[in-house]
Amino acid sequence: MSWFKQTCLSSVGKKYIMAVTGFMLGGFLLVHAAGNSSIFFGRHAFDSYAEHLHSLGFLVTIAEIGLLSIFLLHIITGISLYLHNLSARNNRYAVQKSAGGRTWGSRTMPYTGLAILAFILLHLINVRFVNQHQPVADIVNAVLTKPVYSLVYGTAMLVVGLHISHGFWSVFQSLGINHPKYNSLLRAISWIGCIVIAGIFLFIVLLLLFSNGQLA
Ligand code: HEM
């Protein structure tokens, strides 16, 4: 087996893969939240942002293929690490990890990850696999003015927030960016990232719910 393959299949290698793909997905979420926040400036701003994006043509297709590959790598590696940890826990010789440093975010990572996967499938059905010849503001309006979708999306945004609250911190740890002196700063950066991203999405959900379909 080549050195590269062996490293990728080891626990340490898998943690690196999770960190790098997680970092990229965090970047996507930040860009997606920033782009979608154009809706705060009215439906025309939102539609013209989406038109600009679509005008990039094949570059968008390449970015979508890249994004899908990163998602798949993150999910498959995450499941493999989860199963590995499960069998290590069942092994009576395994060293028990201290529960002291565990947070709600870290404890629920596999479950919030699966919930986000389910949300993304629903989200793509709602906004991507629909008639793309209508303005994007109408597509989003049709979904997020329905209270049941506001509830599903609102809950999903909290789940995304919980997942990335640990995710960002974990990226720093796995890439070796940690030092007792700066750990509380890194924790703060992780929380700020999580609150900004989940907060923007949550505001959009509330804006559309209370706009009654009358987006300015
Ligand atoms: C209020 C919250 C959100 C709104 C209004 C929203 C809106 C949209 C819209 C309009 C599109 C279609 C873009 C296009 O056709 O070019 C889209 C695509 C997408 N969204 Fe969201 N989104 C939200 C939250 C999220 C979250 C939290 C995630 C991930 C956890 C996410 C993941 C995606 C993905 C993966 C795509 C497909 C990207 C592509 O094919 O280019 N979205 N979203």
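The questions below ask how terms apply to this predicted model. Local features need pLDDT of at least 70 and side-chain atom pairs pLDDT 80 or more, while totals for chains, interfaces and linings use all residues. Residues are numbered from 1 along each chain as its sequence is written.

Q: Why is the crossing of H2 and H9 called left-handed?
A: A crossing is left-handed if the near helix is turned anticlockwise from the far one by less than a right angle, and right-handed if clockwise. H2 passes H9 in the left-handed sense. The contact involves Leu29, Leu30, Ala33 and Asn36 of H2, and Ile197, Ile200, Phe201 and Ile204 of H9; contact requires C-beta atoms, placed from the backbone, within 7 Å.

Q: What makes up the contact of H2 with H9, by class?
A: Ala, Val, Leu, Ile, Met, Phe, Trp, Tyr, Cys and Pro count as nonpolar, Asp, Glu, Lys and Arg as charged, and the others, Gly among them, as polar. The contact has seven nonpolar, one polar and no charged residues.

Q: Which residues come nearest to the ligand?
A: A residue is near a molecule if its C-beta atom, placed from the backbone, lies within 6 Å of it. Of the 17 residues around the ligand, Glu64, Val127, Val160, Phe201 and Ile204 come nearest.

Key: Helices (H or I, at least four residues) and strands (E, at least two) are DSSP runs, numbered from the N terminus. Two residues are in contact if their C-beta atoms, placed from the backbone, lie within 7 Å.
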